[in-house]
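Hello,

The structure we spoke about is below. Please open it beside this email and follow along.

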Amino acid sequence: MKQPHMTQTPTASAAPLHLVYGRPPLGLADVLPSAIQVSPLIPRSPALEDLADASADSAIVLAPPGTAERNYVIAQMLRVLKPGGELTVMALKDKGGSRLRKSLEAFGCDVDESSKAHHRIAFVERPEAVVGLEAALSAGAPRDLTGQGLWSQPGVFSWDRLDPGSALLLKTLPALSGKGMDLGCGIGLLALAVLESAAVTGLALIDIDSRALKAAQRNVTDPRASFDWADIRSQEGPGDQDFVVMNPPFHDAGSEDKALGQAFIRRAASALRKGGTCWLVANRHLPYEETLKPLFAKVTLKAEAQGYKVYEARK
């Protein structure tokens with residue numbers, strides 16, 4: 001995994017430190033130009049967990065929707081902020097915003113709150129003593145799901161269970177050969193299955209979520225695997241891969257966005273050599289055939305069940 005660029009991480013003698021988590025909508029918060037991005041979904045960002053206690057002067061958080069993940073991020077920010085440091089937390093009202101006040105008050109914060117553009121926005125100063133910090137950090141931390149080395153973390157896609165789309169793809173996937181890529185690899189469940197074939201010579205696991213990729217590094221220890229923290233939408237493929245496997249995301253910031261899956265398909269096509277194959281699973285209602293057919297010589301529906309479809313697309 002390519003490590004985040006850490007030269008911006010401050011020391012105790014550095015200038016005032018301002019943090020931002022995620023990309024708050026324009027007009028909802030004044031993000032300083034000097035603010036350091038710490039979201040695990042933005043490649044090259046330093047990890048919030050690596051920042052020292054009581055080292056930051058202010059922080060702005062676009063809170064994630066999941067309760068454990070949201071409370072974990074807030075707890076990390078309260079840990080990192082100096083007493084009296086300013087924390088602004090916002091979320092869509094129906095994506096956790098209505099629960100911000102209760103969450104922050106549970107940490108012992110006095111909360112001022114406003115509403116704008118369907119968001120709730122909470123303003124607090126970090127208290128001298130934060131209540132329940134360790135419990136929230138523990139509830140949102142990475143963990144071994146099985147006790148046998150299968151790691152994950154709240155906030156990662158389908159973090160504590162095998163999603164039905166991936167299950168169908170695993171059931172359908174043949175033994176592969178050569179070198180390939182797992183786009184949007186998550187915690188590495190598809191990769192583990194792919195690497196069961198001795199004919200696979202290499203597998204690049206790529207994901208935009210550093211938490212997922214760190215879990216995949218712990219779960220997939222095969223030396224044929226490599227790891228890359230990247231947004232595949234900003235990359236072109238090498239054009240020499242024998243295969244690609246993927247379960248493309250179709251939600252961005254909690255809203256359905258079929259363009260995400262279409263971007264994955266274009267990335268897969270650019271990665272493959274002529275004759276290479278892409279194996280993907282998608283929700284039945286998503287019109288990916290329209291994107292696949294111009295990019296691949298042959299597209300075959302290989303399985304369909306429980307609202308999902310598996311395609312083999314040969315370039």
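Strand β3 (residues 56–62) and strand β4 (residues 81–92) run parallel and are joined by 6 bridges. Helices (H or I, at least four residues) and strands (E, at least two) are DSSP runs, numbered from the N terminus. One of the residues to look at is Val61, whose bridge partner in β4 is Val89. Helix α1 (residues 67–80) packs on the sheet and touches β1 (18–21), β3 and β4, where contact means heavy atoms within 4.5 Å. The direction of α1 makes about 155° with that of β4; axes are lines fitted to C-alpha atoms, for helices over the stretch in contact, and angles run from 0 to 180 degrees between N-to-C directions.

This is a predicted model: local features need pLDDT of at least 70, side-chain atom pairs count only at pLDDT 80 or more, and totals for chains, interfaces and linings use all residues. Residues are numbered from 1 along each chain as its sequence is written, and side-chain values use heavy atoms, with hydrogens and water left out.

The sheet is open and has 6 strands with mixed pairing, in the order β2-β1-β3-β4-β6-β5. Two strands pair if DSSP finds at least two bridges between them. At the edges are β2 (36–37) and β5 (112–116), each pairing on one side only.

Most residues other than glycine have a negative phi. Ser158, in the loop between β8 (151–152) and α4 (164–172), has a positive phi of about 45°. Ser158 is buried (under 20% relative accessible area), at 14%.

Regards

How values were computed. Buried < 20%, exposed > 50% of the residue type's maximum accessible area, 1.4 Å probe, protein only.
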